Amino acid sequence: KYEKNISSAINYIIESLNMEGIILRENWIQKRSRFWGKWRKRWTVLMYEPYCNICYLTTYKQRKSYIQPTEFILLNNKCEIFIIDKDETLFEINLNDKHKTRIVFK
């Protein structure tokens with residue numbers, strides 16, 4: 001019961017951010033799940049919210065469907081992005097996440 005309320009609140013915040021946010025990039029990616037190690041196809045959106053001055057990455061199961069994200073990652077100055085291949089199409093994001101900047105939805 002309590003988790004659903006938190007999840008609803010987080011969804012509300014993300015939807016509010018998306019209304020004011022500017023899409024910087026969006027495309028399909030293959031994302032490796034954190035726990036099972038399986039590769040999943042996700043519609044990924046990199047957004048900038050000018051009023052709060054934040055940048056974040058969200059993933060969705062469907063293309064251009066900006067509701068019910070599967071994941072929300074707040075990008076901040078502690079994040080490190082490692083480019084793994086020459087074409088810059090394979091990368092890894094290290095969040096150094098002591099402050100829970102990555103939220104995974106069920």
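Two strands are taken to pair if DSSP finds at least two bridges between them. Strands (E, at least two residues) and helices (H or I, at least four) are DSSP runs, numbered from the N terminus. The model is predicted: local features need pLDDT of at least 70, side-chain atom pairs count only at pLDDT 80 or more, and totals for chains, interfaces and linings use all residues. Residues are numbered from 1 along each chain as its sequence is written, and side-chain values use heavy atoms, with hydrogens and water left out.

Confidence is given as pLDDT, the predictor's score for each residue from 0 to 100. The chain averages 75, and 76% of the residues score at least 70. Strand 2 has the highest confidence, at a mean of 88. The lowest is in strand 7 (residues 102–104), at 55.

Strand 2 and strand 3 form a hairpin with four residues between them. In the turn, Asn53 has a positive phi of about 55°. The two strands run antiparallel and are joined by seven bridges. Thr44 stands opposite Thr59 of strand 3. Strand 3 also pairs with strand 4, again in the antiparallel sense, over five bridges. Here Thr58 has Phe72 in strand 4 as its bridge partner. Five of the seven residues of strand 3 are buried (under 20% relative accessible area; exposed is over 50%, partly exposed in between; 1.4 Å probe, protein chains only). Strand 3 is therefore largely enclosed by the rest of the structure.

The loop between strand 3 and strand 4 (71–75) holds Lys64. Lys64 is not a glycine, yet has a positive phi of about 55°. Most residues other than glycine have a negative phi. Lys64 is partly exposed, at 43% relative accessible area.

A nonpolar core is a set of buried Ala, Val, Leu, Ile, Met, Phe, Trp, Tyr and Cys residues joined through side-chain atoms within 4.5 Å. The largest has seven residues: Ile14, Trp43, Val45, Met47, Tyr56, Tyr60 and Phe72. Strand 2 gives the most, with three. A second, separate core of five residues includes Leu57, Ile73, Cys79 and Leu95.

On the surface, Trp39, Phe82, Ile84 and Leu90 form a nonpolar patch. Together they have about 410 Å² of accessible area (Shrake-Rupley method, 1.4 Å probe; for residues, only the protein chains shown count as cover). Patch residues have over 30% relative accessible area and no salt bridge, with nonpolar side chains (Val, Leu, Ile, Met, Phe, Trp, Tyr) joined within 5 Å and like charges within 9 Å. A salt bridge is a side-chain nitrogen of Lys or Arg within 4 Å of a carboxyl oxygen of Asp or Glu. Ile84 lies in the loop between strand 5 (80–83) and strand 6 (91–94).
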